[in-house]
Amino acid sequence: MAAPNTLPNDLWQMDHDHALHPWTNFGPFEKQGSLVIARGEGCYLWDQGGQRYLDAVGGMWCTNIGLGRKEMAQAIADQAETLAFANYFVDMTNGPAARLAAKLAELAPGDLNRVFFTTGGSTAVDTAVRMVSYYHHARGNPEKTGIVARENSYHGSTYLTQSVGKRNGDRVEEFRYKEDGIWHLTCPNPYRRPAHMTEAQFCDDLVAEFEALIARVGADRIGGFIAEPIQASGGIIIPPEGYLRRMWQVCQRHDILFIADEVVTAFGRIGHWFASLSEFGVQPDIITSAKGLTSGYLPLGAMIFSDRIWDVMAEGGQRWFTSGLTYSGHPVSCAAALKNIEIIEREGLLAHAASVGSYFEDRMAPLADLPLVGNVRGKKLMLCVESVADKHTKALLPDEANESKRISDVAEGMGLLVRPIGHLNVMSPPLILTEPQVDFIAETLEKAIRRVTDDLV
Ligand code: PLP
């Protein structure tokens, strides 16, 4: 983020002296500190100096309905006054949590009719991974606890979810992640597939790799497969045609639960409530969600799971799922989620996201002609631009070039926020984005890329 503005800047100083921003390079942070955001409305943020930014990052893939909605604030305030908290660990519930569970069961595909509320995406995935063990154990397969994930996936920041995910650059040596019982398959990135393969051959290879792993390890030791339908912070990776469906079919053949991590893709990001079935033809056993569930107004996550799993859990009576969170089913967060879903429905934001998302794809595609850009990819309101040193070999620039951070810094100076991740600039704007705002994003990002390209030579 930018250097501090020159106003008397107590907030900047307090943050600088006391706060930890984990995915910030601590060296530059010492000098620059944080951009202090004071206000948000719609797709825009304002810093405390009054500078406006179009937030094409959507907060953190999450401000789906846009910021500053008075009816959201009112729903939250009303619920805080009526009932701010009630225990959800035990056999006690509250109106918003009960209504939201029923609503999610209505929106989720197939027989995903059961919901466990969490505090966010990491805790939803963490719980889903433990659900895999629980389920197979209850069915008399105590060794069927292993999890298969993919390279370059991100599933959260708890110790377990960081172990399951495996994004490049996150595997710092300070943390010794759990490796036992977790396997990572090749990232299904068509852009980075072996040069001699067609996309269809690449897909065959990826599916064969999964089959080979199961043959080697044994289906009796693998309980779950987890996949973001579109790998988000690993680089907006849309897998080859048919890949997810075929991986799901492999799971079905070997009694492996399919967990769709839809923390990013759900609630409209690519035009659907949930992407797994609607976009990719997969009926998961478990969906994890968060972010767009409340559009970031309050923290909340949900693990939505099948009647089939519930029936196994409930069978025989005397059992507990000993995994609870104090803020599970939080009435105020659930009230925010209900109002958020009501707004998405009332304003037709799924259809809007699909149409403005197509326009976004069309307007961003020509950026691929810029000398620095190797690939522009994504779907609807999840797009990224990948920088390369050589378009033909797809070789990356050296890390020291730091080009994606420089591009985002230049864009920020022009009133646009995009997120640098590795050699990518990533965007996930609110669903309410308009076509003129898309034009602004495309034009500003192009200028920023051109300026950084000129500085590199
Ligand atoms: N899963 C995916 C796909 C994510 O992108 C994220 C966060 O970005 C998470 C899980 C973790 O969610 P949270 O940060 O709410 O814990």
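A residue is taken to be near a molecule or strand if its C-beta atom, placed from the backbone, lies within 6 Å of it. Around the ligand there are 15 residues, of which Gly120, Gly121, Ser122, Gly156 and Val263 come nearest. The structure is a predicted model, in which local features need pLDDT of at least 70 and side-chain atom pairs count only at pLDDT 80 or more, whereas totals for chains, interfaces and linings use all residues. Residues are numbered from 1 along each chain as its sequence is written.

The shell around the ligand comprises 6 nonpolar, 7 polar and 2 charged residues, where Ala, Val, Leu, Ile, Met, Phe, Trp, Tyr, Cys and Pro count as nonpolar, Asp, Glu, Lys and Arg as charged, and the others, Gly among them, as polar. Helix 6 (residues 121-138) supplies the largest share of this shell, with 3 residues; helices (H or I, at least four residues) and strands (E, at least two) are DSSP runs, numbered from the N terminus.

An open sheet of 7 strands shows mixed pairing and the order 4-10-9-8-7-5-6, two strands being paired if DSSP finds at least two bridges between them. Because strand 4 (114-118) and strand 6 (182-185) stand at the edges with a single partner strand each, one side of each is left without a neighbour in the sheet. Neighbouring strands of this sheet are turned by 20 degrees against each other on average, direction ignored; axes are lines fitted to C-alpha atoms, for helices over the stretch in contact, and angles run from 0 to 180 degrees between N-to-C directions. Strand 4 runs antiparallel to strand 10 (residues 301-305), to which 5 bridges join it, and threonine 118 stands opposite glycine 301 in strand 10.

Helix 8 (residues 199-217) lies across strand 5 (146-150), strand 6 and strand 7 (222-227), and runs at about 155 degrees to strand 6, contact between two residues requiring that their C-beta atoms, placed from the backbone, lie within 7 Å. Helix 9 (residues 243-253) also packs on the sheet, where it touches strand 7 and strand 8 (257-261), its direction making about 165 degrees with that of strand 7.

Tryptophan 61 is placed in helix 3 (residues 58-61), whereas serine 295 lies in the loop between strand 9 (286-289) and strand 10. Tryptophan 61 counts as buried because it has 25 C-beta neighbours inside 10 Å, and serine 295 counts as buried because it has 30; the criterion is 20 or more other C-beta atoms within 10 Å of a residue's own, with 12 or fewer denoting exposed and values in between partly exposed, C-beta atoms being placed from the backbone.
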